[in-house]
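Take a look at the fold below before reading on. The paragraphs that follow walk through its sheets, its helices and some overall figures.

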Amino acid sequence: MVDSPGRITLWGIEVFVATAEEGAISAAARRLATSPSTVSQQLTALEAALGATLMVRNARPITLTPAGEVFRRRASAILNEAALARAELAMSDLSTLTRLRLGMIEDLESDVTPALLTRLASDMSGCQFLLETGPSHALYGQLDDRALDVVVAAEMGAEADWMEVHPLLTEPFVIAVPKGLVDPAGDVLAQLRTMPLIQYSARLAMGRMIAAHLVRQNLKLSHRFEIDSYHSVLALVAEQGGWSILTPLALMRARRWLDRVDVLPLPFEPLSRNISLTARNGLLGEMPAQMAAHLRDLLDSHIVTPAIRDYPWLAGALTLRP
């Protein structure tokens, strides 16, 4: 139902901000997990309540009227204040939180994410958890758009002023090669040059990070495959289709192939990435720090300890971050 004239709701304001940022009703609906008709109804109700036209809806992309520009500044402040109010209510007792929108990189979805959700469900009784998994750049975009409350992802450059960052894990990049085909006591790089590189997709941040590092090392390696799935990469390596550069998180996620793969250090300059938990600064009180503490414990038991047990040379490179 459309709200009656004169009534302004937080939901209507959130719909307005999402539409203004996305530039299309359909895109705003996807971001808010609702229907285009609901978005349109909420915009109509908000304009009726304010007695002003806020958007030119037949423009592509949708544009704001002068009144819409004025209201957008106020709308962002209202949403921030509402988030602060929710945070203050939840600070002393996590059980008071009713909804948490959590983004997690896919690397953690098989082991760490289910265990984390189990712990959070115990801490926050009555809370509804909305989980989004995806690549790091997409999760940060949703956090910036206020479509997520907390994300766990690979760091992608300098922190923005609005970010509250809790470091979790540093992991080195390693090579995965067909079992028995590379002698670690010999010239590993020369041996790798006899096989094609199975490249992790450069459409994703980790793939671009690897590609940039190879350029810095002045290495031109032939590759026949560019793939965005850890499972497919390691399956090809196991089938002796080539070798690849991945991280311990990737290996642990696709561990079914590890008995047919050898894992070795990079035979050139080391490369690593950092995994962190990030929220909007000051909006969730102590909750992000508490979640980070849970995650460090889970990463230790599910990732760090098993990986170092299987590959002792990872000790000192695969580490939790305080």
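In what order do the six strands of the open sheet stand? The order is E4-E3-E5-E12-E6-E13, and the pairing is mixed. Keep in mind that this is a predicted model. Strands of a sheet pair through backbone hydrogen bonds, either parallel or antiparallel.

Start at the edges. Strand E4 covers residues 128-134 and strand E13 covers 319-320. Each has a single partner strand, so one side of each is left without a neighbour in the sheet.

Strand E6 spans residues 163-172, and strand E12 spans residues 272-280. The two run antiparallel and are joined by nine bridges.

Turn to another sheet. Three strands form an open sheet in the order E10-E7-E11, and their pairing is antiparallel. Strand E10 (244-246) and strand E11 (261-265) are the edge strands, each pairing on one side only. On average, neighbouring strands of this sheet are turned by 35° against each other, direction ignored.

Strand E7, residues 174-178, pairs with E11 in the antiparallel sense through five bridges. Within that pairing, Pro178 stands opposite Val261 in E11. Helix H9, residues 230-238, packs on the sheet and touches E7, E10 and E11. The angle between the directions of H9 and E10 is about 140°.

Ala190 sits in helix H7, which covers residues 188-192. Is Ala190 buried, exposed or partly exposed? Its relative accessible area is 37%, so Ala190 counts as partly exposed, since that class lies between the cut-offs of 20% and 50%. Ser110 is 80 residues away along the chain, and the C-alpha atoms of Ala190 and Ser110 are separated by 35 Å.

Finally, the whole protein. Its secondary structure comes to 11 helices and 13 strands. The C-alpha trace spans about 75 × 45 × 30 Å along its principal axes. Of the 322 residues, 48% count as buried. The accessible surface comes to about 15100 Å², with 52% belonging to carbon and sulfur atoms. Among contacts between residues at least 6 apart in sequence, 72% join residues at least 24 apart. There are 29 positive and 35 negative charges, and their mean positions are 5 Å apart.

Methods:
Residues numbered from 1 in each chain as written. Predicted model: local features only at pLDDT ≥ 70, side-chain atom pairs only at ≥ 80, totals over all residues. Heavy atoms only, no water. Helix = DSSP H or I, 4+ residues; strand = E, 2+ residues; numbered from the N terminus. Buried < 20%, exposed > 50% of the residue type's maximum accessible area, 1.4 Å probe, protein only. Contact = heavy atoms within 4.5 Å. Areas by Shrake-Rupley, 256 points an atom, 1.4 Å probe, with all protein chains shown as cover. Lys, Arg positive; Asp, Glu negative; His and termini not counted. Charge placed at Lys NZ, Arg CZ, Asp CG, Glu CD. Pairing = 2+ DSSP bridges. Axes fitted to C-alpha atoms, helices over the stretch in contact; angles between N-to-C directions.
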